[in-house]
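Q: Could you walk me through this structure in plain words? I am new to reading these.
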Amino acid sequence: MIAAYLSQVFLIAFNIWMARYHSRLLKKDKKIKHGWWGLSYVVLSVSITCFFGDLWLLIACFLLRKFLFDTALNLYNGRGIFFVSTETTSIIDRVHFWAFGKHSEIYQTMYFMGWVILNIKFAV
């Protein structure tokens, strides 16, 4: 079980690296291929889940992704921690904007708390 938690540490580092890379792309006005990046994260998450055999880990991976990546990207770009771009081409970001508007603190808090609860539940 400890290895499953360590895999999340790897995903945390991966998300921070990806946010930094995307920040550099945005500063250079280069296009981000959200589909390919999303697919790579899904493949990585599913691979980790299959290796450890716990479905909770897949859910935790997806919850971790949204709140951590968005926060790290905003910090790398020097924006407020809960900044929401209306010019995004990401389908997931558009759905969140439709549901929550500029109030990303709502879904980021929900995802973070869900991730914490899952990790506590399955640690016991």
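This is a predicted model: local features need pLDDT of at least 70, side-chain atom pairs count only at pLDDT 80 or more; totals for chains, interfaces and linings use all residues.

Q: Okay, how far apart are the closest N and O atoms of K66 and D93?
A: In the salt bridge between K66 and D93, the closest N and O atoms are 2.4 Å apart.

Q: Which helices do those two sit in?
A: K66 lies in helix α3, whereas D93 lies in helix α4, which covers residues 91-100, so the pair ties together parts that are 27 residues apart in sequence.

Q: What about the other link, K66 with D70, what is the N to O distance there?
A: The side chains of K66 and D70 meet in a salt bridge with an N to O distance of 2.9 Å.

Q: How are K66 and D70 placed along their helix?
A: They are four residues apart in helix α3, which spans residues 55-76, so about one helical turn separates K66 from D70.

Q: Why do side chains like these pair up in general?
A: Side chains of opposite charge can pair when their charged atoms come close.

Q: Are K66 and D70 buried or exposed?
A: K66 and D70 are both buried. For K66 the relative accessibility is 8%, and it counts as buried because the limit is under 20%.

Q: How many salt bridges turn up if you search the whole structure?
A: The search of the whole structure finds two salt bridges.

Q: And how many positive and negative side chains are there?
A: The protein chain has 13 positive and 6 negative side chains, and the centres of these two sets lie 8 Å apart.

Q: Let me zoom out. How many helices and strands does the chain have?
A: The protein chain has five helices and zero strands, and reading along the sequence gives the pattern α-α-α-α-α. Its radius of gyration is 15 Å, close to the 14 Å that the globule rule gives for 124 residues, so the chain is as compact as a globular protein of that length.

Q: What box do the C-alpha atoms fill?
A: Taken along the principal axes, the C-alpha atoms of the protein chain fill a box of roughly 40 × 25 × 25 Å.

Q: What share of the residues is buried?
A: Buried residues make up 36% of the 124 residues in the protein chain. As for the surface, the chain exposes about 7800 Å², and carbon and sulfur atoms supply 71% of that area.

Q: What share of the contacts joins residues at least 24 apart?
A: If we take the contacts between residues at least 6 apart in sequence, 67% of them join residues at least 24 apart.

Q: Back to helix α4: is I92 buried or exposed?
A: I92, which is found in helix α4, counts as exposed at 52% relative accessibility. I91 is also placed in helix α4, and at 68% relative accessibility I91 counts as exposed.

Q: Which residue is I91 compared with in space, and how far away is it?
A: That residue is H34, which is 57 residues from I91 in sequence and 8.5 Å from I91 in space, C-alpha to C-alpha. For I92, the C-alpha atom is separated by 9.8 Å from that of G38, although the two residues are 54 apart along the chain.

Q: New topic: where is S104, and what does S104 touch?
A: S104 is placed in helix α5, residues 104-123, and it is buried, with a relative accessible area of 0%. Leaving out residues up to four places away in sequence, S104 touches F82, F83 and V84.

Q: And S23, which helix is that in?
A: S23 lies in helix α1, residues 2-27, and at 3% relative accessibility S23 counts as buried. Not counting residues up to four places away in sequence, S23 touches L73, Y76 and N77.

Q: Last one: what is the phi of D29?
A: D29 has a positive phi of about 55°, although D29 is not a glycine. D29 is also exposed, with a relative accessible area of 73%.

Methods:
Residues are numbered from 1 along each chain as its sequence is written. Side-chain values use heavy atoms; hydrogens and water are left out. The radius of gyration is taken over C-alpha atoms; the globule rule is 2.2 Å times the number of residues to the power 0.38. Buried means under 20% relative accessible area, exposed over 50%, partly exposed in between (1.4 Å probe, protein chains only). Contact means heavy atoms within 4.5 Å. Accessible areas come from the Shrake-Rupley method with a 1.4 Å probe; for residues, only the protein chains shown count as cover. Lys and Arg count as positive and Asp and Glu as negative; His and the chain ends are not counted. The place of a charge is taken as NZ of Lys, CZ of Arg, CG of Asp or CD of Glu. A salt bridge is a side-chain nitrogen of Lys or Arg within 4 Å of a carboxyl oxygen of Asp or Glu.
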